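User: I have a model open and want to go through its contacts with you. Can we start with the charged pairs?
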Amino acid sequence: MTDPSDAIEKEKRCPDCGEPLISHPDYRSWCPACDWNVLPKEEEAEELPLYERLYRRLGDRMAADLFKKVAEQHNLTPNVSAARLISILLALSIHVATLLLVILALVLLYVGWPRLPMVLLALLALGIAWLIRPRLTPKPERYLTRADLPALFGLVDRISQQLSAPAVAGIVLTPEFNASYGVGGVPPQPFLKLGLPLLSLLDDQEKVALLSHEIAHGVNGDPTRGFLVGMALESLSWWAYILRPEAIFNSGDGSIQGLLFGLLLVPLMVIMLLLSKLSEAMLRLLLYLLFYDSQRAEYYADRLAADVAGSKAARSLIDTFHYSRLFQTLTHTFVTNNPAASLFDAFKTAADALPQGEIERLRRADQLTQSRLDVTHPPTNFRQEMLARRGEVPPSLTLSTEEADAVATELAAHEAQVHREILDAYEATLYY
Ligand SMILES: [Zn+2]
Ligand SMILES: [Zn+2]
C-alpha cells in the first residue's frame, strides 16, 4: 500500500488511536488504522435531517444485502420481478389520476353547464390535470451529433452494435467528473452525457469501458430509465416540487386585507403541503421498490463493460472515480489563482503525481461517504469485488492507434470551452 514517496513517520502518531500516521509534505496526514483525518472536518461535521440519515442507513444495508444476493447469481439479465410489476402499476395509476381529472372536468361541464360554480370547478380540474400531466424527459438542449464527433461516434456505434443496444442519438460533453445515459425526446432516443474531466484521465481501453457501461444502460433493463416508470418518477418529483407551498401563512403586504386573505388561504396551503409530501413519499416508495432492480442493472452494465473492454480496463475505470475529490481541489486552485495552464493538463499531471498513500485516502474518503455521493450506483468496493469474482476477461473490442488518436483529437477540441464552463460553474457556487 505504500511506496517510497510515502513516509510513515514514526514520530507522528494518530491523536485518536496512537498508531503511526501516513503523511506527506504536500498532502493531508491521516491514520490508516482508524481513518482519522481521512475526511475534511467540514464534511465530517455535516449534520443531516433525521429521515435523510435513516434513509441512507437503509440504503447502505440494502446495498450490502443486494451484493450478497447478486454475487451468488450467475445470470444478471433483466427479468420481471414483483417489485417491477408493482412499480409499473403504481406508475400507471399516477397517469390514470391525470386522466380521471380530465374526465371529471368533462362531466362537470356536461352536468353543470352553464352554472358558473360548476364551470369554475371544471376549469380548476382541467388546470390541475394540466399541471400534473405526465412529464416526458426532453432532449438535452445542446448535443453533438455524428457530424461533430465522427471518430467518437464510430466507437460508440461499434459498441452499441456489439451490445445490441439502440443507437445513441447525441452526446453532450459536460464539465462534470461523471458520465450518464438518458432517454429523451419524442419518440424517446438515447443520449450520452460524458464528463470531459473524467474522460481526460482515461486511457483508450478505459474509455471503451466507460462508453460500454453507459451504452449497456440501453439493454440492462434499468427500470428507472424505462419509459413508463421513468415518466412516473419524473411526474412525482415535479408534483412534490410544484405543490409545496412557500409558506403556510403569508401576510401579503401586511394590510388587514392581506392578513385576512392569508388566513383564508391557510387550509388550501395545508392541503397542498400534504399533497406535496404524499408525492414525495410515493417517489421514495417507488425508488425503494426499484432499488434492487436498478442496482442489479448497474452490476450487469459493469459486466457487459468488462466483456467489451476487458476486465482490467473495467476495474481501473471504477478506480478512477476516486479522483473526483482531487478534481474539486484543483478547480478551486484554478479559480483562486487563475493559472494560464489548461485545467485538463494540470489535472492529469496532478493525478499521475499522487502517492499511493493519498490514493488510498481518497478511496477511503469515498467509502466513508459513498451513500452521499452516488445513490444510483452500488458502492465502488462492491462493484470492484463483483468484477474480481468473475476473473480475468480479455477485451473483445480494442482501438487502433489511428482510431484512438482521432477520438483524443476530437475531445481535445472541446477542452477550452468546457474548461470555461467548469470555472464559471465553480465560481458561481462560491458566491452562494
Ligand atoms: Zn488512528
Ligand atoms: Zn451506470
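Analyst: Arg363 forms a salt bridge with Asp319, and their closest N and O atoms are 3.6 Å apart. A salt bridge here is a side-chain nitrogen of Lys or Arg within 4 Å of a carboxyl oxygen of Asp or Glu. Arg363 lies in helix H13 (residues 356–373) and Asp319 in helix H10 (residues 311–320), so the pair ties together parts that are 44 residues apart in sequence. Helices (H or I, at least four residues) and strands (E, at least two) are DSSP runs, numbered from the N terminus.

User: Before we go on, what kind of model is this, and how are things numbered?
Analyst: This is a predicted model: local features need pLDDT of at least 70, side-chain atom pairs count only at pLDDT 80 or more, and totals for chains, interfaces and linings use all residues. Residues are numbered from 1 along each chain as its sequence is written, chains are lettered from A and ligands numbered from 1 in the order in which they are written, and side-chain values use heavy atoms, with hydrogens and water left out.

User: Fine. How accessible are Arg363 and Asp319?
Analyst: Arg363 is partly exposed, at a relative accessible area of 24%. Asp319 is also partly exposed, at 28%. The classes are buried (under 20% relative accessible area), exposed (over 50%) and partly exposed in between, with a 1.4 Å probe and protein chains only.

User: Which residue does Arg325 pair with?
Analyst: Arg325 forms a salt bridge with Asp366, with 3.2 Å between the closest N and O atoms. This pair links distant parts of the chain, with Arg325 in helix H11 (residues 324–337) and Asp366 in helix H13, 41 residues apart.

User: Is Arg325 buried or exposed? And Asp366, buried or exposed?
Analyst: Arg325 is buried, with a relative accessible area of 13%. Asp366 is buried as well, at 7%.

User: What about Asp424, which residue is its partner?
Analyst: Asp424 forms a salt bridge with Arg420, the closest N and O atoms being 3.0 Å apart. Both residues lie in helix H16 (residues 415–430), four residues apart, which is about one turn of the helix. Asp424 is partly exposed at 40%, and Arg420 is partly exposed at 44%.

User: Which residues are joined into one network by salt bridges that share partners?
Analyst: Asp35, Asp319, Glu360, Arg363 and Arg364 are joined that way.

User: And how many salt bridges does the count come to?
Analyst: Twelve, by the rule given above.

User: Switching to the metal. What coordinates the zinc ion?
Analyst: The zinc ion (ligand 1) is coordinated by the SG atoms of Cys14, Cys17, Cys31 and Cys34, at 2.3 Å. Donors are N, O and S atoms within 2.8 Å of the metal (3.2 Å for Na, K and Ca); water is not among the atoms, so sites may look incomplete. Along the chain, the donors follow the spacing C-x2-C-x13-C-x2-C. Cys14 lies in the loop between strand S1 (7–13) and strand S2 (20–24), and Cys34 in the loop between strand S3 (27–30) and helix H1 (41–45), so the pair ties together parts that are 20 residues apart in sequence.

User: Is Cys14 buried or exposed? What about Cys34?
Analyst: Cys14 counts as buried at 4% relative accessibility. Cys34 counts as partly exposed at 33%.

User: New topic. Where is Asn220, and what lies 2.8 Å from its side chain?
Analyst: Asn220 is in the loop between helix H7 (204–216) and helix H8 (227–243). Asn220 counts as buried, at 0% relative accessibility. The backbone oxygen of Ala297 lies 2.8 Å from a polar atom of the Asn220 side chain.

User: Last one, the overall picture. How many helices and strands are there?
Analyst: The protein chain has 16 helices and six strands. Its C-alpha trace spans about 85 × 55 × 50 Å along the principal axes. Of the 432 residues in the chain, 42% are buried.

Key: Polar contact = N/O pair within 3.5 Å; in protein donor to acceptor, adjacent residues only side chain to side chain.
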